[in-house]
Amino acid sequence: MTIPLAIPDLVRPAFFDGQRLEAEDLTAVYEFHRSRRWLHNRALHGWGIASGLAVGGAKGAAVLTVSPGYALDCEGHDVVLAEPAELAVPPVAGAPGGGPLELYLTASYATDDDLAASEVRAGVCEGTGAVRRAEAPRLRFQNPRDPSDPATRFRRGLDVVLASVQVERCRLARAPSTAERRDARPAAQPFVAAGGTAPGATPWQYFPAAGAPLGVETRVDTSAAGFRSTPAYAAQVAGARALPGGGALVDGFAAVAQPSATAFTLQVMLPRDLSAAGRPVNPSSLLATPALLAMLQSQLRWSVSWIGVEG
């Protein structure tokens, strides 16, 4: 079941010639576009770290570094760190029961009230106000196992984990771990496609081109799959094996050769003069004759079924 989104009540600002614009009118434009972007983010993108925000710090360090980067929280808020940041390791001795204390280093969206004004102007008639606020996330250490303090309680999805750290005697007990990080981008999945040639219309020829033939082959077109690079192909021959009249059999070992993103060659090695259940298999009298190639296509209706896995 799909969980419904919380859809904001959007009001589209409109203007007319001669209208007197006030701060709330311009703020309404800003809020309209911001709310739509947040809705887009949470509806069409996953939350987590999209780029950067790498955490640095060695065992025994008292300071951690965070590189610039971009993340999304579960409400679609943009979490942007434009400049590298340094954070002092929290001054804690360790866990209450002994040993290092595990904390999360998180990045959270900062509201306008959380951000200090980077530029303030005086009004024409009254008061002063902020006209610029430098975008920055709230970086902090949170204890995921201590919900007692609402101000520091960890909120999964709203507080994006950059790294987990082990703190003992006000220092890092070991290097930061990225195990708790979540990637906003879906993990790359293999692209899988399958297909086959038409029974009764698959042409076969002998290989190699010169000398005694070792078997038969056909070129298989896979361009309809849209592979961007050469995939790993697996293929087999479909069709009958018994020649007309119920006498000899034709069979062999299939292998993929000359693969590319748009085609491959299926070669079927045909060992000569074998027998199975008292019946001859691949008799020399038939191999290397045009008659066999015609039989494979029109009477035995040999075709190729294949699957390709890219990535």
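Helices here are DSSP runs of H or I with at least four residues, strands are DSSP runs of E with at least two, and both are numbered from the N terminus. This is a predicted model, in which local features need pLDDT of at least 70 and side-chain atom pairs count only at pLDDT 80 or more, while totals for chains, interfaces and linings use all residues. Residues are numbered from 1 along each chain as its sequence is written, and side-chain values use heavy atoms, with hydrogens and water left out.

**Pockets**

- Rolling a probe the size of a water molecule over the atoms shows where empty space is left.
- A pocket is an open set of points on a 1 Å grid over the protein atoms alone, where a 1.4 Å probe fits, with protein on both sides within 12 Å along at least five of seven lines; lining residues have an atom within 4 Å of a point.
- A volume is the space filled by probe spheres set on the points, and grid points are joined across faces, edges and corners.

**The largest pocket**

- The largest pocket holds about 790 Å³ of space.
- Its lining has 27 residues, and Thr27, Ala130, Val131, Arg132 and Arg133 are the closest to its centre.
- Helix 1 (23-44), strand 8 (117-122) and strand 9 (128-133) are the elements that give two or more residues to this lining.
- Helix 1 gives the most, with 8 residues.
- By type, the lining of the largest pocket has 11 nonpolar, 5 polar and 11 charged residues. Here Ala, Val, Leu, Ile, Met, Phe, Trp, Tyr, Cys and Pro count as nonpolar, Asp, Glu, Lys and Arg as charged, and the others, Gly among them, as polar.

**The second largest pocket**

- About 170 Å³ of space lies in the second largest pocket.
- Among its 14 lining residues, Ser108, Tyr109, Arg138, Arg140 and Arg155 lie nearest its centre.
- This lining divides into 4 nonpolar, 3 polar and 7 charged residues.

**Ala163**

- Ala163 sits in strand 11 (residues 159-168).
- Ala163 has a relative accessible area of 1%, and is therefore buried (under 20% relative accessible area, with a 1.4 Å probe and protein chains only).
- Leaving out residues up to four places away in sequence, Ala163 is in contact (heavy atoms within 4.5 Å) with Val55, Leu103, Tyr104, Leu105, Pro176, Ser177 and Arg181.
- Leu103 is 60 residues from Ala163 in sequence, with 8.6 Å between their C-alpha atoms.

**Val220**

- Val220 belongs to strand 15 (residues 215-221).
- Val220 is buried, at 1% relative accessibility.
- Apart from residues up to four places away in sequence, Val220 touches Thr197, Thr262, Ala263, Phe264, Val304 and Trp306.
- Val220 and Ala88 are 132 residues apart along the chain, and their C-alpha atoms are separated by 62 Å.

Conventions
Buried < 20%, exposed > 50% of the residue type's maximum accessible area, 1.4 Å probe, protein only.
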